[in-house]
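Open the model in your viewer and keep the selection panel at hand.

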Amino acid sequence: MNNAFRLRDVVPLVLVLAFVFISIAPLLWLMLAAFKPTAEIIAVPPVWIPDFTYLQNFRDVLTQFWPFIVNSLVATLGATILALILAVPTAFALVNHRFRGREALADWILSTRMMPPIAAAVPLFVIFRGAGLLDSLWGLVIAYAGFNLPFAVWMTMSFIRRVPKELIEAARLEGCTWWQVLKDVVLPLSKSGLAAVATFVFIFAWNEFMLALFLTTREAKTFPVVISSFVGTGRVYWEYIAAASVIQCLPPVLFTFFMQKHIVSGVTMGAVKD
Amino acid sequence: MAHAVSTTRAPHEASRRSFLQGDRFQMTAFIAPTCIFLALLTIWPFVYSVYLSVHSVKLTALHRAVFVGFDNYINLLSDSLFLRAMLNTGLLAVTSITFEIVIAFVIAKAFVSLSHLKWVNGLRSLFMIPMMATPLIVGMVFSYVFNPVLGIANYLLSGIGAGPVAWFGDTTAAMISILLINIWQWTPFMMLLIMAGLLSIRSDLYEAARVDGAKWHHVLRFLEIPSIRGIVLLGIILRIIDTLRFFDVVYVTTRGGPGDSTMVLTLYAYQQNFQFFQAGVGSAAAVIILVISIVITTFAVKLLRRIEDE
């Protein structure tokens, strides 16, 4: 293929660059505010380029709110691990075990992904209150793992399907149990796929806001819940919002760069191959 | 399917059958925990929500539930705020998805036509950022950009002699602003899907169309649209589902206001349940949202299966 720039590339290129600019400029603008003192944030005309050595906002946010960043991390990691522990064997069984109602079961699991969280909100709140899971990280881990489980099962299925059937069959004929087949044949071969699944569950859980808003009150508040409280009825703490936004968006943005090739399959639950 | 294999077949077939049906116990152990977990998270809440929705009950005093039949539903359908939420959610779904598809298609075409330039492909992860960033932060970003006093949007507009625009300040503008944010956030998603669809078209088909003297609108109508139809439908369904749970951005930008102008379904149900503690009315709203989702999901599941099989 010819790698040279052609004259008829001009119009598409302008379109693409404009699109990329519009996509990142608003976010970038808030990120820049993270490096500005309050006076510069509210200045009109705006201060375009801040002094990037000014890190007081980050210092303030980190020293005051680090426990909530830790909460977010713990809840998210816990949910990711729990979701994968449950999803991988299920996906493996749904792909490799023939039984009546298999498709219906897979469809049902998929359909639970479509359920709006608000529909489960009050019942979840009531069980959690009864079980002492309100305002606890365990509660968040359970809720996040549950809501991401259908996604994890489906995307994992799409990766496990790529493992050649002959290998699985051969291992079975050698006398391996299903558990051994999963552990010794399928897992090593779908490692990168499972990493993608884990990453997506991590991002979805990390980005979650509404459940955390009513499931946590003080101790287990996640970082997004804290950030939302920076917009009060009184003063709006833009300098905190900006610095906190940079911290909050760091994992998803980094993962976007590393997971680029899996994103299409991730956002369609594995229905579209990358 | 395994059960269709007759035992009188060749030995290889027989061993295949035992391979497929063996160790039922292990397989059950693989599947059961997930199913139990999901049932607790979906079926039980559904039953409980339906129960609450036919009672007059406070979230703070669940033991004092009084059966009221369909009163909550009737009240909802005569509550102008709820109707507004329904209307807004529908409006958002229809308009934002339409704009997303059109813009996404144009940009996707541009991207595909530049696929010989390697560095352009490197831009892909940049434009994906809006859909991967935390939705709450997206709301914050636009509260900041559209802020009436210190917002950059009005400042830039004033530079060209326009504005100031009351982005979240007046009822029509607020809804348009929410719509713009939605489009901004989700056009990249639609674009990824459309790009995947366009890239799957074999180049010799384009070649053949060109040789046959097809105009661009012929190519669009007979080659491109049929090729991306399935994947775009999938995108539409996933986006409708998203719109039904749309919450974070309105929660931080407008909270449904000014007045009731940007109220959406999930925010309505959330407020009834967790701010006014009206678990009966809130649950009725949740059940309605759920029923709409179930209808859409039925299509979605069939469609995903079909695309998967292709």
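Start with the largest pocket, which has a volume of about 1000 Å³. Select Arg8(A), Lys109(B), Val112(B), Ser113(B) and Tyr206(B), the closest to its centre among the 29 lining residues. This is a predicted model, in which local features need pLDDT of at least 70 and side-chain atom pairs count only at pLDDT 80 or more, while totals for chains, interfaces and linings use all residues. Residues are numbered from 1 along each chain as its sequence is written, chains are lettered from A and ligands numbered from 1 in the order in which they are written, and side-chain values use heavy atoms, with hydrogens and water left out.

On a 1 Å grid over the protein atoms alone, a pocket is an open set of points with protein on both sides within 12 Å along at least five of seven lines; a cavity is a set where a 1.4 Å probe fits but cannot get out; lining residues have an atom within 4 Å of a point. Volume is the space filled by probe spheres set on the points, which are joined across faces, edges and corners.

Now colour H4 (80-113), H10 (171-199), H11 (203-211) and H12 (216-244) of chain B; each of these helices supplies at least two residues of the largest pocket's lining. Helices are DSSP runs (H or I, at least four residues), numbered from the N terminus. H4(B) has the largest share, 6 residues.

Next, select Phe21(A), Ile22(A), Ala25(A), Pro26(A) and Trp184(B), which lie nearest the centre of the second largest pocket. Its volume is about 780 Å³, and H1(A) gives the most to its lining, with 11 residues. That lining divides into 25 nonpolar, 2 polar and no charged residues (nonpolar: Ala, Val, Leu, Ile, Met, Phe, Trp, Tyr, Cys and Pro; charged: Asp, Glu, Lys and Arg; polar: the others, Gly among them).

Move on to the largest cavity, with about 960 Å³ of space. Phe204(A), Pro135(B), Trp186(B), Asp242(B) and Arg245(B) are the closest to its centre, out of 36 lining residues. By class, these are 22 nonpolar, 8 polar and 6 charged.

Finish on H12 of chain A, residues 238-258. Where is its kink? Select Leu250(A): the kink there is about 40 degrees, shortly before Pro251(A) (the bend is the angle between axes fitted to the seven residues ending at a residue and the seven starting there). Because 15 of its 21 residues are buried, H12(A) is largely enclosed by the rest of the structure (buried: under 20% relative accessible area, 1.4 Å probe, protein chains only).

Notes: Expected span 1.5 Å × (residues − 1). Buried < 20%, exposed > 50% of the residue type's maximum accessible area, 1.4 Å probe, protein only.
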